[in-house]
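Subject: Structure handover, with notes on charged pairs

Hello,

Here is the structure I promised to pass on to you. Please have it open while you read, as my notes follow just below.

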Amino acid sequence: MQIPSMQPLCTPEEWQARIDLAACYRLVDLYGMSDMMANHISSHVPGEPGAFLINPYGMMYEEITASSLIKVNLAGDILAKPDFGTLDYGINRAGYVIHSAIHAVRPEVACIIHTHAWASMAVSALECGLLPITQ
């Protein structure tokens, strides 16, 4: 899929955040933590309080580029979105809800990563949960 560059529509700071976030998505996939498209990673948009970037729902992590990221605000309004053609990707509501809540109460946090790593899923399935038995 050919996605037009979003760079002309961004500040240099937003464009760098887009590059870094796209690289993060690719690294999470490379290290086997992508769980197809069930996880989410978001980054605040420097200089735009309450705005953050998140993946388009339906794209695999290895497909995400700086220009494919969607910019949303804390209310869930899409502020900037590339032209995906007939696919018209949007955002995953569950991912947005988790990330917007964290960005709202912790504006100093630049990036949020939510994964379903096998080890954490296994521990969460235990009746006892995570036992604090070692340092």
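The side chains of Glu14 and Arg18 form a salt bridge, with N and O 2.9 Å apart. By salt bridge I mean a side-chain nitrogen of Lys or Arg within 4 Å of a carboxyl oxygen of Asp or Glu. Both residues sit in helix 1 (residues 12-30), 4 residues apart, or about one turn of the helix. Helices (H or I, at least four residues) and strands (E, at least two) are DSSP runs, numbered from the N terminus. Glu14 is buried, at a relative accessible area of 2%, and Arg18 is buried as well, at 0%. Here buried means under 20% relative accessible area, exposed means over 50%, and partly exposed is in between (1.4 Å probe, protein chains only).

Before going further, a word on the basis: this is a predicted model, in which local features need pLDDT of at least 70 and side-chain atom pairs count only at pLDDT 80 or more, while totals for chains, interfaces and linings use all residues. Residues are numbered from 1 along each chain as its sequence is written, and side-chain values use heavy atoms, with hydrogens and water left out.

Next comes the pair Lys71 and Glu48, whose side chains meet in a salt bridge at 3.0 Å, N to O. Lys71 belongs to strand 3 (residues 70-73) and Glu48 to the loop between strand 1 (40-44) and strand 2 (51-54), so this pair ties together parts that are 23 residues apart in sequence. Lys71 is buried at 9% relative accessibility, whereas Glu48 is partly exposed at 26%.

The structure holds 5 salt bridges. Among them is one between Glu108 and Arg106, with the closest N and O atoms 2.4 Å apart. Glu108 is exposed, with 52% relative accessibility, and Arg106 is partly exposed, with 42%.

Lastly, which residues make the nonpolar surface patch? Leu27, Leu30, Tyr31 and Met33 do, over about 450 Å². Patches are made of residues with over 30% relative accessible area and no salt bridge; like charges are joined within 9 Å, and nonpolar side chains (Val, Leu, Ile, Met, Phe, Trp, Tyr) within 5 Å. The areas come from the Shrake-Rupley method with a 1.4 Å probe, and for residues only the protein chains shown count as cover. Met33 lies in the loop between helix 1 and strand 1 and is partly exposed, at 34% relative accessibility.

Best wishes
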